[in-house]
Amino acid sequence: MKASNRLVLTRAAMAIAQRDGRNVAIMVPKGAIIEVIGGPFNGSRLMDVNYDDDIVMMFTNDLENHTESTKRRSALALTKSSMCENIDDETVERIAMGHAVDPLIKDHVAHCIHCHARLLDYQEWVKWVKIGLRSTEGPDSR
Ligand SMILES: [Zn+2]
């Protein structure tokens, strides 16, 4: 494992932050520099991360699959088609939420390894946002 835990996010990822004693889902943007606290990855699903001088929790699989070392960043060549480049996070999110998108784009995302992985991550994110909303919305609903 590398000595430095400083990583660059290669795409936007969800984090859980504490705001006024509540867990709140936030998005950490692509390109953000984050520092994993207490690494290396030890099998837990969520990891504490220092992002912008804020301690947040992020998914371990995002940290493993969608980051690169700050040193390796310039050397890394991403193998994406031009179609992939045209599909932004908002589009992936629309598909994950079940909203209408261009059928050509939807078909590409369904079959492209790279884009499909993004979709799966977003579907997990949507699930967690819904859980987060339930747990932070108002008093106990029982
Ligand atoms: Zn693609």
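Predicted model: local features only at pLDDT ≥ 70, side-chain atom pairs only at ≥ 80, totals over all residues.

Me: How many bridges join strand 2 to strand 6, and in which sense do the two run?
Reply: Two bridges join strand 2 to strand 6, and the two strands run antiparallel.

Me: Which residue stands opposite Ile16?
Reply: Ile16 of this pairing faces Met57, which lies in strand 6.

Me: And what sheet do these strands belong to?
Reply: Seven strands form an open sheet, with antiparallel pairing, in the order 3-2-6-5-4-1-7. Strand 3 (22-28) and strand 7 (67-69) are the edge strands, each pairing on one side only. On average, neighbouring strands of this sheet are turned by 40 degrees against each other, direction ignored.

Me: What holds strands together in a sheet, in general?
Reply: Strands of a sheet pair through backbone hydrogen bonds, in either a parallel or an antiparallel manner.

Me: Let us move across the sheet. How many bridges join strand 5 and strand 6?
Reply: Strand 5 and strand 6 pair over six bridges in the antiparallel sense.

Me: What about the turn between them?
Reply: The hairpin of strand 5 and strand 6 has two residues between the strands, and Asp52 takes a positive phi near 55 degrees there.

Me: Is Asp52 buried or exposed?
Reply: Asp52 is exposed, because 9 other C-beta atoms lie within 10 Å, and the cut-off for an exposed residue is 12 or fewer.

Me: Where else is there a positive phi in a residue other than glycine?
Reply: Asp20 is such a case, with phi near 55 degrees. Asp20 lies in the loop between strand 2 and strand 3. Asp20 is exposed, since it has 6 other C-beta atoms within 10 Å. As background, most residues other than glycine have a negative phi.

Me: Back to the sheet. What does strand 4 pair with?
Reply: Strand 4 and strand 5 pair over three bridges in the antiparallel sense. Glu35 stands opposite Asn50 in strand 5, and Val36 stands opposite Val49 in strand 5. Three bridges also join strand 1 to strand 4 (residues 33-36), again with the strands running antiparallel. In that pairing Leu7 stands opposite Ile34 of strand 4.

Me: Which residues touch the most other members of the largest nonpolar core?
Reply: Ala13, Ala15, Val28, Val49 and Met58 do, out of the 15 residues in that core. The elements that give two or more residues to this core are strand 1 (6-9), strand 2 (13-19), strand 5 (46-51) and strand 6 (54-59). Apart from this core lies another, of five residues, including Val92, Ile95, Val109 and Cys115.

Me: What is Ala13 in contact with, its close sequence neighbours aside?
Reply: Leaving aside neighbours within four places in sequence, Ala13 is in contact with Val28, Met58, Asp62 and His66.

Me: What of the helices, and the layout of the whole chain?
Reply: The chain has five helices and seven strands. Along the sequence, the pattern is β-β-β-β-β-β-α-β-α-α-α-α. Of its 142 residues, 18% count as buried. Among contacts between residues at least 6 apart in sequence, 51% join residues at least 24 apart.

Me: Where does Gly98 lie?
Reply: Gly98 lies in the loop between helix 3 (89-96) and helix 4 (103-111). Gly98 counts as exposed because it has 9 C-beta neighbours inside 10 Å.

Key. Residues numbered from 1 in each chain as written. Core = buried A, V, L, I, M, F, W, Y, C linked by C-beta atoms within 7 Å. Buried ≥ 20, exposed ≤ 12 C-beta atoms within 10 Å, placed from the backbone. Helix = DSSP H or I, 4+ residues; strand = E, 2+ residues; numbered from the N terminus. Contact = placed C-beta atoms within 7 Å. Pairing = 2+ DSSP bridges. Axes fitted to C-alpha atoms, helices over the stretch in contact; angles between N-to-C directions.
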